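Subject: Structure for you to look at

Hello,

Here is the structure I said I would pass on. Please open it first, then read the notes below it.

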Amino acid sequence: MAAIRLIIPTVLLALIAAVPAVGGRVPMPKIPAAKGAHCVRPTQWMRRNHMKLLMQLRYEAVHEGIRHKRESLPGCIACHVSRLADGKYPSVKSRKFFCNACHQYVGTRIDCFSCHTNRPDAAYEIADGVRRPPPAASEGQRSGTAAWARAVAMVAADSGSAPSRSGGAHGAKRPKGHRAVNRRGRP
Amino acid sequence: MRNSALPQIACDQDRRRFFGIAGAVALALAPGVSLIAYAQSDAPTSAAASAKTRWGLLIDTTQCKPSCTACVTACSSYNGWKNEGRPTDPQWIRKVQVSDPSTGFSRSVPVMCQHCANAPCVEVCPTGASFKRADGIVLVDRHICIGCRYCMMACPYKARSFVSENLSGQKPWAPRGKGTVEGCTLCVPRVDAGKVPACVEACAREGNGAMTFGDLNDPASPIRRALAHHPAVQLRADLMLDTGVRYEGL
Amino acid sequence: MGVIHYREIEGRSAGFWGLVGLLAAFVAAGLTAAWFMEHIGHIITGMTNQVVWGLPHVFAVFLIVAASGALNVASIASVFGKVAYKPLARLSGLLAVALLIGGLAILVLDLGRPDRLVVAMTHYNFRSIFAWNIFLYTGFVAVTGFYLWVMMERRLNGYTRMVGTVAFLWRLILTTGTGSIFGFLVARQPYDEAIMAPMFIVMSFAFGLAIFLLVLMAACKGTGRPLGDATVMRLKNLLGVFAAGVLYFLLAFHITKLYEAEFRGAEAFLLLNGGIYTFLFWFGAVFLGGLLPMLLFWLPQTRRSRVAVGWGSASVVVGGLALMYDIIIGGQAWPLSIFPGMHVSSSFYDGVVNFYAPSLPECALGLGGSALALLLILLALKLLPFLPESLVDESVEPHSAAAGTSTAPGAA
């Protein structure tokens with residue numbers, strides 16, 4: 001009996017350990033390139049906080065009627081989703097679909113696209129569609145001070161009354177402490 | 001062991017103090033940073049809905065042709081819903097043929113969400129997904145709709161539909177999906193962009209121009225002037241729901 | 001009266017495990033149905049945009065109503081101080097919790113987005129009776145669970161009356177809330193009556209007690225524990241009175257509706273020419289739910305028969321389900337009156353009687369929830385001492401064994 005009690009967990013552990021060994025390391029996500037010159041927020045900030053921004057935009061659009069062209073889910077899609085080599089758009093389940101590239105890597109499930117389309121629409125296309133040089137301030141982003149300021153801004157956005165992640169993808173109430181999501185410097 | 005624990009706490013306190021200062025610096029800097037970097041950022045295309053406005057529709061049933069379904073087709077194509085004749089298919093707007101059995105008097109009227117001021121669907125919704133915007137438009141926030149269908153039980157106009165199957169190819173401005181309830185939005189993205197609802201536009205273009213859209217609170221608006229001079233009724237006026245959609249000639 | 005000894009049921013026989021397996025199979029079928037309903041959509045059910053609540057809701061509302069009624073036996077003992085009911089109080093509380101969980105499981109799994117249950121727990125619109133019910137239902141499980149603890153923990157026995165009173169009031173409010181789900185629907189003519197709330201309370205008395213009697217008799221028979229005539233006859237008489245109460249409320253409800261011209265079309269549909277709904281009302285609700293059990297319980301030929309008590313209780317359950325079907329589905333089959341007095345037609349089934357036929361997944365979900373309730377009861381009986389070792393008349397109430405067999409209505 002005692003032997004069996006030892007063997008079973010050992011075998012299970014070995015199996016679990018073997019899975020990544022067989023498949024190798026999970027490849028780093030390949031993030032499809034966007035069409036526009038720069039995102040609506042600094043890329044680093046977006047990587048951490050896009051969900052907070054989306055929640056706020058969602059609340060404002062649905063409940064208050066404040067809409068944006070670029071700062072909206074269709075706006076994101078218009079910029080971030082391109083046709084693949086075969087001329088088709090990536091499917092919602094594909095790893096080549098922008099949102100999935102990371103979400104599948106980190107094991108996050110989103111259900112935005114059971115209702116929202118994941119195809120870009122001409123109405124939300126950025127007018128010129130040409131990669132423009134980044135705006136003035138972001139040129140300095142390579143310099144040490146700007147990078148430091150950016151890092152500090154990220155800490156600020158994450159600290160204190162930052163919108164709670166626990167709200168998940170579902171909160172409709174204006175996210176608590178939504179002011180932490182800076183909208184063009186408005187408090 | 002006790003001794004070694006002390007510096008640990010001191011270290012923690014130091015770390016906390018550092019983060020406190022960093023946070024204060026960040027708070028002072030952060031707005032400026034994003035202001036500079038995103039001065040060219042995306043300005044809203046619409047202002048917040050305001051209670052000063054109450055959007056409404058006036059339907060002149062004397063001008064509505066029984067054979068015309070321009071409003072229904074326009075709604076369907078703009079919002080991306082399809083009626084294939086099944087009882088599970090959504091119908092955000094429909095033409096109802098009404099006749100008086102004793103006199104034979106008949107009318108054809110489009111019926112959709114009446115955008116009530118005292119909407120029963122809003123009252124019964126357990127999560128608050130069914131809500132009324134400040135400007136009187138009654139909507140479903142599908143992000144928090146759990147699909148209980150109590151609003152469909154409560155609506156006196158049968159204005160709500162339930163999505164019973166997986167969808168694809170939705171319109172970017174009209175997201176809709178399985179397991180949630182939907183209905184006429186008064187084409188809220190169009191209204192926010194300063195346009196009239198798709199049905200009203202189609203009625204003016206292909207029909208007899210039987211539909212007038214406008215602000216019920218504005219005494220100078222065409223809808224308000226028409227309502228001031230012509231008799232118009234609310235459907236199920238006995239329920240005192242104060243509907244935003246009014247019918248003339250019924 | 002003597003000390004009552006409670007003991008877990010043995011639960012080792014092939015019959016016990018066979019029953020567990022059967023119920024588990026029904027639960028599994030229900031879960032499978034729910035999985036398909038969530039992944040494919042409600043298109044695989046008979047529910048449409050016309051009949052938006054279907055068979056799952058019939059089962060769910062029936063179980064939830066029965067749950068609050070099942071607590072009555074405990075309330076009669078703790079709140080109204082009738083010692084003869086005391087040995088049955090634990091089982092009564094157990095049934096209340098189990099039936100409610102079964103009903104809630106159906107309700108939740110039928111949602112369009114059951115994955116968003118957390119939304120229902122975090123976003124509330126307090127003008128909605130549904131939102132109130134979320135608190136009333138979960139609170140009921142908590143209060144009844146606490147009540148059971150107080151009853152079963154000797155040191156806390158002193159609080160039984162206090163906690164029992166809270167549980168009793170809670171269940172009255174709960175059933176008021178359930179009835180009001182329909183009573184508040186001004187849009188639909190077959191509903192829209194305040195009397196629906198008290199009617200649901202009386203329905204709960206009958207459905208809950210009928211299920212209680214069936215479970216009690218089955219449990220005693222299955223475990224070979226003696227069950228005295230006094231107990232059975234007392235409960236049976238009470239059930240007869242409750243069944244009569246339901247008939248009375250149905251009469252008052254429909255008479256009121258018939259008096260108002262506005263509702264006569266809907267009433268004619270439900271009572272005269274509604275096909276299945278008319279049949280379910282007269283044969284199901286009135287005959288099976290009321291008249292037949294009363295006859296079985298009180299006719300001289302059958303009034304002392306245990307078998308008649310069993311059949312009568314089963315008849316109340318079947319009649320209750322028929323009544324729920326009639327109220328929930330029949331009420332939606334009748335079209336909305338958007339243009340009162342006018343003849344209407346449209347592509348959206350305006351002005352026509354709506355068609356509904358339950359599909360297999362709906363049946364599986366409804367039965368699965370019911371099986372879940374029974375499974376919970378069965379396992380709880382094995383794990384904790386809910387059932388007295390003996391319910392012979394002398395041990396229950398030594399002085400009133402004769403009175404208990406009295407057959408006059410209301411004698412209990």
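**The nonpolar cores**

The largest nonpolar core has 208 residues, and those that touch the most other members are Leu95(C), Leu99(C), Ala206(C) and Leu239(C). Helix 8 (residues 196–223) of chain C gives the largest share of this core, 18 residues. There is also a second, separate core of 8 residues, which includes Cys76(A), Ala78(A), Phe97(A) and Cys99(A). A nonpolar core here is a set of buried Ala, Val, Leu, Ile, Met, Phe, Trp, Tyr and Cys residues joined through C-beta atoms within 7 Å. A residue is buried if 20 or more other C-beta atoms lie within 10 Å of its own, exposed if 12 or fewer, and partly exposed in between, with C-beta atoms placed from the backbone. Helices (H or I, at least four residues) and strands (E, at least two) are DSSP runs, numbered from the N terminus.

This is a predicted model: local features need pLDDT of at least 70, side-chain atom pairs count only at pLDDT 80 or more, and totals for chains, interfaces and linings use all residues. Residues are numbered from 1 along each chain as its sequence is written, while chains are lettered from A and ligands numbered from 1 in the order in which they are written.

What does Leu239(C) touch, not counting residues up to four places away in sequence? Its contacts (C-beta atoms, placed from the backbone, within 7 Å) are Ala206(C), Leu209(C), Ala210(C), Leu213(C), Pro293(C), Phe297(C), Ser313(C) and Val316(C).

**Chain C as a whole**

Chain C contains 15 helices and 3 strands. Of its 412 residues, 54% are buried. The C-alpha trace spans about 70 × 45 × 40 Å along its principal axes. The radius of gyration of chain C is 22 Å, which agrees with the value near 22 Å for a compact globule of 412 residues. That radius is taken over C-alpha atoms, and the globule rule is 2.2 Å times the number of residues to the power 0.38. If you take the contacts in chain C between residues at least 6 apart in sequence, 80% of them join residues at least 24 apart.

Three strands form an open sheet in the order 3(B)-2(B)-2(C), with antiparallel pairing. Strand 3 of chain B and strand 2 of chain C are the edge strands, each pairing on one side only. From one strand to the next the twist averages 30°. Two strands pair if DSSP finds at least two bridges between them.

Strand 2 (residues 93–99) of chain B is mostly covered, with 5 of its 7 residues buried. On one side, 7 bridges pair strand 2 of chain B with strand 3 (residues 106–112) of chain B in the antiparallel sense. These two strands form a hairpin with 6 residues between them, and Gly104(B) in the turn has a positive phi of about 85°. Strand 2 of chain B is also joined by 4 bridges to strand 2 (residues 343–346) of chain C, again antiparallel.

Which residues stand opposite Gln97(B)? In strand 3 of chain B it is Ser108(B), and in strand 2 of chain C it is Ser345(C). Ser99(B) stands opposite His343(C) in strand 2 of chain C.

**Where chains B and C touch**

The contact takes 46 residues from chain B and 37 residues from chain C. On the chain C side, strand 2 gives the most, with 4 residues. By class, that side has 20 nonpolar, 13 polar and 4 charged residues. Ala, Val, Leu, Ile, Met, Phe, Trp, Tyr, Cys and Pro count as nonpolar, Asp, Glu, Lys and Arg as charged, and the others, Gly among them, as polar.

**Two residues with a positive phi**

Most residues other than glycine have a negative phi. His115(B) is not a glycine, yet has a positive phi of about 45°. His115(B) lies in the loop between strand 3 and helix 3 (120–124) of chain B. Is His115(B) buried or exposed? His115(B) is buried, because 28 other C-beta atoms lie within 10 Å.

Asp192(C), also not a glycine, has a positive phi of about 55°. Asp192(C) is in the loop between helix 7 (160–183) and helix 8 of chain C. Asp192(C) counts as partly exposed because it has 18 C-beta neighbours inside 10 Å.

Regards

How values were computed. Contact = placed C-beta atoms within 7 Å. Axes fitted to C-alpha atoms, helices over the stretch in contact; angles between N-to-C directions.
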